[in-house]
Amino acid sequence: IDKKNNDMRLKYFLGIIFVLWLISSCTSDYMSYEGNNMVQFATKTDEVYTFAYFTDDKQVDTLNIGIMSVGEVVDFSRTVKFEQILKEWKYVYSEDDPQKIVDSNYVDMEYPAVAGKHFEILDCVNNEATLLANHNQLNLRVVVKRDDSNLKKNAYVLKLHLLPSSDFGTASIDYLTKRIVISDKLERPTQWKDNNYYCSRFIGPWSEVKHRFMINVTGEKWDNDCIKRYIKGGFEYAAIRDFYLKKIKKELEKYNADPKNNPPLRDENGFEVVFP
């Protein structure tokens, strides 16, 4: 028994030594990094900005788009280059399987955002921004504008793509492009996904009409923050979520019970607005 216990202790101590070696090795590699310096956007999620949540007094706003370096942090400033992409992929899906792509084409973007009209990028010259000395991240300040009345009908897209510069290469392809949607109508929040368990369970598929109805009934925006808090949030938000959903469903019943409304309430695609 003593021999068995000694063997177990030996394996235990060897395991600890191995883990400590791994930690020190990784730390050493990190501290002495000498690979290529690269840049990428801090997130790959689309940015969706709509003025539809605000009164007409709000005509401009500023988005902070994070760009980070991968590699050494140095004591001198460096140049980050980017471009606006004006093309996009269009996909054709199978009639039998809506998830199956049968054809694709790289075409001119239907509604590209126009510099000066829909947006302005601050603190940059000729699509070049500066990463300050001793920093590994910068915020690209993008001013979005509401002047164009067409924003009430169509969402315009600003698609930025990072480029190699004399200071940086480019990192993961998934983080090289940032798509920014600018609109003055309700747009689907990126957190509201039809195939997400919580969204499917509590609010169902998104539509502009449903979204607006929820806002009018509750006074909440039902934007990303609301979805994360009330729909995907923890137990502490369950009571508020249930209160709001009960109120929304009750108001929908009242709407559909009134013949003057030509019920039932239908969305912009002609489908009846329903909640799970």
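Here are my notes, starting with the chain as a whole and moving on to local features.

1. **Overall make-up.** Please keep in mind that this is a predicted model. The protein chain is built from 5 helices and 12 strands. Of its 276 residues, 33% count as buried. As for contacts between residues at least 6 apart in sequence, 68% of them join residues at least 24 apart.

2. **The open sheet.** In what order do the 5 strands of the open sheet stand? The order is β7-β9-β3-β1-β11, and the pairing is mixed. At the edges are β7 (119-121) and β11 (169-170); each has a single partner strand, so one side of each is left without a neighbour in the sheet.

3. The partner to look at here is strand β9 (residues 137-145), which is joined to β7 by 3 bridges and runs antiparallel to it. If you want a residue pair to centre the view on, Phe119 stands opposite Val144 in β9.

4. Lys117 and Asp148 meet through their side chains in a salt bridge, at 3.9 Å from N to O. The pair links distant parts of the chain: Lys117 belongs to the loop between β6 and β7, while Asp148 belongs to the loop between β9 and β10 (156-163), 31 residues apart. For this reasoning the cut-off is a side-chain nitrogen of Lys or Arg within 4 Å of a carboxyl oxygen of Asp or Glu, so the 3.9 Å of this pair meets it. Lys117 counts as partly exposed because its relative accessibility is 42%, whereas Asp148, at 8%, counts as buried.

5. **Other salt bridges.** How many salt bridges does the structure hold? There are 14. One of them joins the side chains of Glu187 and Lys185, at 2.8 Å from N to O. Glu187 counts as buried at 13% relative accessibility, and Lys185 counts as buried at 16%. Another salt bridge is formed by Arg241 and Asp242, at 3.1 Å from N to O. In that pair, Arg241 is buried, with 12% relative accessibility, but Asp242 is partly exposed, with 41%. There is also a network: Asp56, Arg146, Lys152 and Asp184 are joined into one by salt bridges that share partners.

6. **Helix α4.** Which residues of helix α4 (residues 224-231) are buried? They are Cys226, Ile227, Tyr230 and Ile231. Looking down the axis of α4, you will find these buried residues within an arc of 100 degrees, so they line one face of the helix. The buried residues of α4 pack against α2 (197-202) and α5 (238-257).

7. Trp89, Tyr91, Tyr93, Ile101 and Tyr106 make a nonpolar surface patch of about 540 Å². Which strands each supply at least two residues of this patch? Those are β5 (87-93) and β6 (101-108). The most comes from β5, with 3 residues. Trp89 has its place in strand β5; this residue counts as partly exposed because its relative accessibility is 46%.

8. **Glu47 and its surroundings.** Glu47 lies in strand β2 (residues 47-50). Its relative accessibility is 28%, so Glu47 counts as partly exposed. Leaving out residues up to four places away in sequence, Glu47 touches Ile65, Lys178, Arg179, Ile180 and Val181. The C-alpha atoms of Glu47 and Ile182 are separated by 8.6 Å, although the two residues are 135 residues apart along the chain.

Note on methods
Residues numbered from 1 in each chain as written. Predicted model: local features only at pLDDT ≥ 70, side-chain atom pairs only at ≥ 80, totals over all residues. Heavy atoms only, no water. Patch = residues over 30% accessible without salt bridge, like charges linked within 9 Å, V, L, I, M, F, W, Y side chains within 5 Å. Areas by Shrake-Rupley, 256 points an atom, 1.4 Å probe, with all protein chains shown as cover. Helix = DSSP H or I, 4+ residues; strand = E, 2+ residues; numbered from the N terminus. Buried < 20%, exposed > 50% of the residue type's maximum accessible area, 1.4 Å probe, protein only. Arc of directions from axis to C-beta. Contact = heavy atoms within 4.5 Å. Pairing = 2+ DSSP bridges.
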